[in-house]
Amino acid sequence: MDLISQDDFIRHSRLLGPDQLGMLGRTLIVAPHQDDESLGCGGTIYLLTQLKIPIHVVFISDGSMSHPNSKKFPSDMLVALREEEAVKALSILGVEQKDITFLRLKDSLLPCTETPGFDTAVVAFSKVLSDFNTESIICPWQRDPHKDHRATWQIVDEAVKKCTLSIRQFEYFVWLWERASPGDLPAANEGVIWKVNIEMAKDQKKKAVQAHVSQTTLLIDDDPEGFILSAEVLAHFNTDYEILLERK
Ligand SMILES: [Zn+2]
């Protein structure tokens, strides 16, 4: 059966209940940008921290390109602001600042397998992966329409292949519901599609998303090309379930 819409995914996925979540073990959350963690799996993060599962969150890009023309928030200020917002969002979800790593690679230019800098990115990510003794990873879907999300997956994939740990890998969806072309969707043999019931975590998730003030409001109002999460996009993340694909 072809799963196309977000509703299809929710309807035809298997429930990953609290007992199974409790078995994920030490879980590394991987986010390309400061907001993907809250949008893609914020409810799951909150449920995991409530279950006392050790969590570490790693941000791959520096977030500096959401408002590239702003004079009020030049690159270094924007990076600092977005990190502050990420720390706040994650504290709402039960993650302490000491459990967050910012790799600070250039936003919009994350290296993929064919571009320079890929090996260096893999080495940096691999260190986080092994230092944390990772047992499960939650990272972006490999064919998410955003190229930084795809590059992030490639960095994760290469590091997991190279490491000696046995790791369960789950992937979350951010831009699939908005912009996917048919080839971006998961095929039936690509993994198990799970849904996590996040009804009891919805308030925290919403607050965490809103903590990314620079991405959800007109705080930075001097860049006409600046990025903002529209109400339509945000509606995709205000659901009772989060979908995670577990790789086979
Ligand atoms: Zn992103």
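## Fold, cores and loop residues of a predicted model

The protein chain has ten helices and eight strands. The model is a predicted one.

**Overall dimensions.** A compact globule of 248 residues would have a radius of gyration near 18 Å, and the 17 Å of the protein chain agrees with this. The C-alpha trace spans about 50 × 40 × 35 Å along its principal axes. Of the 248 residues, 54% are buried. Among contacts between residues at least 6 apart in sequence, 85% join residues at least 24 apart.

**Surface and charge.** The protein chain exposes about 11300 Å², with 53% of that area supplied by carbon and sulfur atoms. There are 26 positive and 37 negative side chains, and the centres of these two sets lie 3 Å apart.

In soluble globular proteins, nonpolar side chains tend to be buried together. The largest nonpolar core here holds 39 residues, of which Phe-59, Leu-90 and Ile-138 touch the most other members. Elements giving two or more residues to this core include strand 2 (27-31), strand 3 (55-61), strand 4 (100-105), strand 6 (168-172) and strand 7 (191-197). Helix 3 (36-50), helix 4 (75-92) and helix 8 (202-210) are also among them. Helix 3 gives the most to this core, namely six residues.

Leaving aside residues up to four places away in sequence, Leu-90 touches Glu-37, Ile-45, Val-57, Phe-59, Val-95 and Ile-100. A second, separate core has 22 residues, including Phe-118, Ala-121, Leu-129 and Ile-167.

Most residues other than glycine have a negative phi. Asp-35 is not a glycine, yet has a positive phi of about 155 degrees. Ser-108, also a residue other than glycine, has a positive phi near 75 degrees. Asp-35 lies in the loop between strand 2 and helix 3, and Ser-108 in the loop between strand 4 and helix 5 (118-131). Ala-188 is found in the loop between helix 7 (176-179) and strand 7. The relative accessible areas of these loop residues are as follows.

| Residue | Relative accessible area | Class |
|---|---|---|
| Asp-35 | 6% | buried |
| Ser-108 | 29% | partly exposed |
| Ala-188 | 70% | exposed |

Asp-35 counts as buried because its 6% relative accessible area is under the 20% cut-off. Ala-188, at 70%, is over the 50% required for exposed. The C-alpha atom of Ala-188 is separated by 8.8 Å from that of Leu-3, although the two residues are 185 residues apart along the chain.

Note on methods: Residues numbered from 1 in each chain as written. Predicted model: local features only at pLDDT ≥ 70, side-chain atom pairs only at ≥ 80, totals over all residues. Heavy atoms only, no water. Core = buried A, V, L, I, M, F, W, Y, C linked by side-chain atoms within 4.5 Å. Buried < 20%, exposed > 50% of the residue type's maximum accessible area, 1.4 Å probe, protein only. Helix = DSSP H or I, 4+ residues; strand = E, 2+ residues; numbered from the N terminus. Contact = heavy atoms within 4.5 Å. Rg over C-alpha atoms; globule rule 2.2 N^0.38 Å. Areas by Shrake-Rupley, 256 points an atom, 1.4 Å probe, with all protein chains shown as cover. Lys, Arg positive; Asp, Glu negative; His and termini not counted. Charge placed at Lys NZ, Arg CZ, Asp CG, Glu CD.
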